[in-house]
Amino acid sequence: MNLRTCRAPSRSSTRSACPVRHGPHAVLAAALAICLALPACGGEPPDPAVAGDVAPPPAIGTPTRQRSGRAARADTPDDPAAEARFLDLVAAWENAADDPANERALAAILATGKDGAARLVRWLAEGDENQRDSANKLLVLMGADAVPALVELAARPGDTQGDAAHLLDKLLPLWRGSAIGPDVCRALVACLDGPESYDARNALELARPAVAAVVPELVERWRASWTDDDASDGGALEILVAAGPDARAAAAAALEALESDDTERRVNGGLLLASIGATTPADLARLVALLAAAPLEDSAWDRREGVLQALASWGDAAGSAAPKIEAFLDRAFPKNIRIAAAEALAAMPGAAQSFVTTAALLAWNDDEDDRVRSILRDSVLARSSPEALGAAIRELPMDRVQNAMNWAEFRAESATGDRRAELIRVGEIARARMAASPDAEERLRAPWFRVETPSRAPDWLVALLDDPDMRVRSGTTYSLARIVGTDTARILDVAGPIATDRIWSGDAICAIGVLAERDPRALAALLALVADPALEDPPRDLAVRVLGDGTSPIPGNHPAARAVVARAVLAGPYTGDATRALLRFDGGLAAFVDTIRGELGPPPGRVATEAPYIIVAAVAAAGPKAEPLRGSLTAWGGEPGRRALDALRGGGAEILRNGGDDEATFRRLLAAGPEARGWIAAFADGLSWPPPDWLGPAVASAGIEAEVLAAAQGRIDGIPAKTQLKGALRLAPLLAPRPAADALVAVFASDPSQFAEVVWELKLVARRDPAAVSPEFVASLFRQADTYDNLRDRIYALAAALGRRGEPLVPILRERRTSDRPLDAVWSAIVLFHATGNPEEAMTAIRPLLERPDRGSVFVPWDAVGDVLTTVPLSKADRALVLGALPRATFAAPRTTIVRALGALGAEAAPLVPSLRAILSQEFGGAGDRDDEVALGIATCRVLDGLGPAARDALPDLRRWIALTIDSDGTTAAGAAAIRAIETSGR
C-alpha cells in the first residue's frame, strides 16, 4: 500500500501484538541495510538493480561512526526532504511484494538508529492514523534504539502517554537492566495517572531492578490514597509488592500502615512487608511488638496475620520471635492466624526443636485444621530429632499416638539412610506407648510393623504374647514370626489355638506359614490345619493360600492335606495358590488328575472351558513326571493342551513352577520353545507394573512378535480372550516399534473399549519411531473422535507424536483448526506445527492464550502448549509475550506452561523473580490438585536454578517451599539445586 494515500486501521489496533516483519536472516539483512543506506567505501552508491525494488535512500540521522574517513551528512529533524525519504522507505517496507525486499527495507529503517526512532516517535505523537500504526509496529522492531525517544514521549502529559507506555512494556527486556532503566521507570510512573495505565503498571511490576529508583515516588502515591477514600494510588502498591526486596525503602511506610487502625491499610502493609522480607533489627522489634499490641478480644485479627506473614519472609533471621509466634498456634485463635503462625515457624528451621511438643499436639490431632496439621507435620516435625519427637509422643494423649505412629512409618517408607532409621525409631516409640495402653483396641494396633522387620524382638512386643485379648496375641505372633531368632515353640503355642478361630485366625495362620519355611514343626502344624475336617472354610482357605506361598517341596505322604488342596484347585476361590500348594507335594500331579477326572464332563463349566489354560498352568512344571498321565491330561486339554505339554516336556520342568504369575516364571517362559512362548500373553497380566527393568530388553530380544500379535487378535486356543488381550496390551509396548504398533492396532480392532490405553501406548511408540504408526490409522481415529469425545486429546497427542510423518493429516487438521471448540482449534494448530514444521501454525493459536492465559484454561491442552513454547523459535515479540503472561495467569495449568517456557528464555526471565517467588509462596494452600502444585513448584525451582545469583531474593521462599513439600517426589532435590546455584554461581 502507499503510506501517504491509504487509510490505516483504527488506532485501537495498535494495542495488538506487533507482527514479526523480519525473517530468520535479520542479522544479514541489517548488514545489507547499512550498505544500502550509507555511501559505499568507494564513494559510489550501490546499484539500484542489485538492491531490488527499494532505492538506496540518503543517510538519515546522525551517523554513530565515520565511514571511509568522511562523516555522513546528518538530517535535521524538520528537514522536509529527509522526512519524505523516510516516508518512502517505510512505504517500501509496507509494500514489498517479496520477503527479501521487505527485509532490505526493514534493515534500512533499523540502520537509522536513534534518529529514525525519534522520527517514528514524532509520528506517534503528531502523525495521522496511518503513520501512528506504522510507528507502533516499527518501534518495537527497532528495540533499544527506540527507548530514549519513547521515554521523552511518556513524560509528556496527553493522549500519547498510553502509546509510549504500551511500547515500553513490549520493550521491557531491553531496558530494565540497563543504565536508562531508572529514567524509563520515572516516565512510566507519570503514565500511571493516564486513562490507559495498564501497560505502565505491567511494565513497572516487572522492571526489577530498575524499579528501585522510583520506590519513594510510589510510596508517596500509596500514602496519598490513605487520606482520601476516593483516591487511587494508580497501582503503586501492586508495583511495590512485585518489587520485593528492591522496595526496602518502603518498609517504613508498610510498618506504619500495619500499625494503623484502618483494616485495608493493615492488610496491605502486611502484604508489602511479606514481599520485602528481612530489613533491620529495629523493624523486627516493631513487628514483634505488634503481635501483642491488642488484647485477645480485639477484632483486628488481620494485623496479626499480616505480622506473621511478614515474619515468615524473614526466615531464621526472625528466629528470636519463635516463642511468641508459637503462642498463636493455640486453638483459641482463628484458623487464619494459626495457619499464618504455622507457616512462619515452618520458615524458621532453627526453631523446630524448641516447640516440637506443642507442634506434635496439633499435628497429630484429628480435630485440628488440615492445613495447620500439614504445615506442622511436613515442615517442623520432619526436621526434629527422634529424641525430641519421642519425648513429644510420650506426652501425647493416646488418641493421637496412633496418628504419630502412622505418620512416622509412612514417611519412613520413602525415606533413606539416617532419616529412615530415625523415623523407624519414632514409630517404635509410638508402638511401645500403644502396647502399654490399658485399652485393648490400642494394644491391638501395636504389633504391626509397616516398614521393616527389626533385627531383634523388642521386649514390649514379646510381652504381648501373654496379652489377655486374643486379637492382640494373634497380631503379635505374626510380627514375631518375621523376626529371625525368636522362639518358634513359644509362637506356635500361642498361634495354634487361635488358628482355628473363624474370625481372628488370620494373623496366627500367617505366622505359622512364615515359620514353616524354616522350621519343620511349623510346617507340620500348617498341614494339620489344612487336613482338619472340623476347620471352617475361611481359615481353611487361608491355610491353603499360605501353603501355596511356600517354595520348598513337602516331604513325606500327606494324603488328607493333598486331597483338600487338590479340591481347592477346582473349587477356588484361590485356584492359583492351591495349584502352587499342590505341586509341592510328592504325587501332587496324580492327585490333581484324579481330582479333575470326574469334574470336566458336560455341562462345561469354567474349568472345562479353560481346561488347557488351567492344565498348563498347574502341571507343566511336573516335567517328566507328567509322562504316565499324558493321556488323561490331553483328554481334557485337547489339542492346545497337548501341544503345550509337548513343548514343556523335558527342559520345561521349571517353567511354571510358581503357577505362571511371577517374574522368574515369566523369564523362564520367554526362554522356552515356540509352543511354550505362545502362552506368554496368558501370564503377562500377572506381572508387576510398571514392568521391571529386565522385562523390556527380554521381550524385545525374545522374538515373540508373532505370539503377541496372535494374542492381540484372540487366536490362541484354550486361553480366555480377555486374558489374551490384557497380556497383549502389556507386552506390545515392549516390542520393537513397528510390531508394537501392529499389535496395539490389533487390540483396538478386537476390543474398541481399549481405546484409551491403545492410543496412549501408540503415542509412546510413535515417539520412539514415528514411521511405526500409520497416519491412515490416526486419520480413522479422527473420524471417530466424536465417539471418544472425552479422550480426543489423546488422539491429538498421538498425531503430534508422528511429527512430519503426520503430513497426510494436514487436511483434517486444517478443517479442525477453524472449529469453534477451543480444544480442537488449539490442538489442531499445535499438531499442524509438528506435521508441517511451520511455527506460525502453532503460535497463531497460542498468542491469544498468552495474552489472556486465564481464558478457557479448562479446555486448552496446556501441556502441549508448553511443548510448543519450549521447542518453537520465539520471535522477540513472542518472548516478550511469554514474559508478560505469567503475572496475568490465574490458573495452575497456564502457570505451569508459562514457567516451562521461562526456563527456555534463560536469563531473560530474571525480572519475573517476584512472580516466581509468589508461586512458591501461594502453592500448597489446600486448593487444586497436589500433583499439579508439586509439578509447578519443581518447574519454578528449575527456572530459579538457571537464573543463579539473579534469583537471590527467592532464597527465603525456596527454603520455605522445601519445608512445606518435604518428602514429595523431587521437591527437595529441585529446591536444593536451585539454592546451590543461587548461592554459589558467580562467586
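I take helices (H or I, at least four residues) and strands (E, at least two) as DSSP runs, numbered from the N terminus. On that basis I find 57 helices and zero strands in the protein chain.

Note on the source: I am working from a predicted model, where local features need pLDDT of at least 70, side-chain atom pairs count only at pLDDT 80 or more, and totals for chains, interfaces and linings use all residues. Residues are numbered from 1 along each chain as its sequence is written, and side-chain values use heavy atoms, with hydrogens and water left out.

Whole chain. I looked up burial, where buried means under 20% relative accessible area, exposed over 50% and partly exposed in between (1.4 Å probe, protein chains only). Of the 987 residues, 53% count as buried. The accessible surface is about 41600 Å², and carbon and sulfur atoms hold 53% of that surface; the areas come from the Shrake-Rupley method with a 1.4 Å probe, and for residues only the protein chains shown count as cover.

Contacts. I use heavy atoms within 4.5 Å. Among contacts between residues at least 6 apart in sequence, 69% join residues at least 24 apart.

Helix 5. I checked the length of residues 113-126: the 14 residues should span 20 Å at 1.5 Å a residue, and the end C-alpha atoms are 20 Å apart, which agrees. The expected span is 1.5 Å times one less than the number of residues. Buried residues here include Gly113, Gly116, Trp123 and Leu124.

Leucine 237. I place this residue in helix 13 (residues 236-243). Leucine 237 is buried, at 7% relative accessible area. Leaving out residues up to four places away in sequence, leucine 237 touches Trp222, Asn268 and Leu272. Arginine 223 lies 14 residues away in sequence and 9.6 Å away in space, C-alpha to C-alpha.
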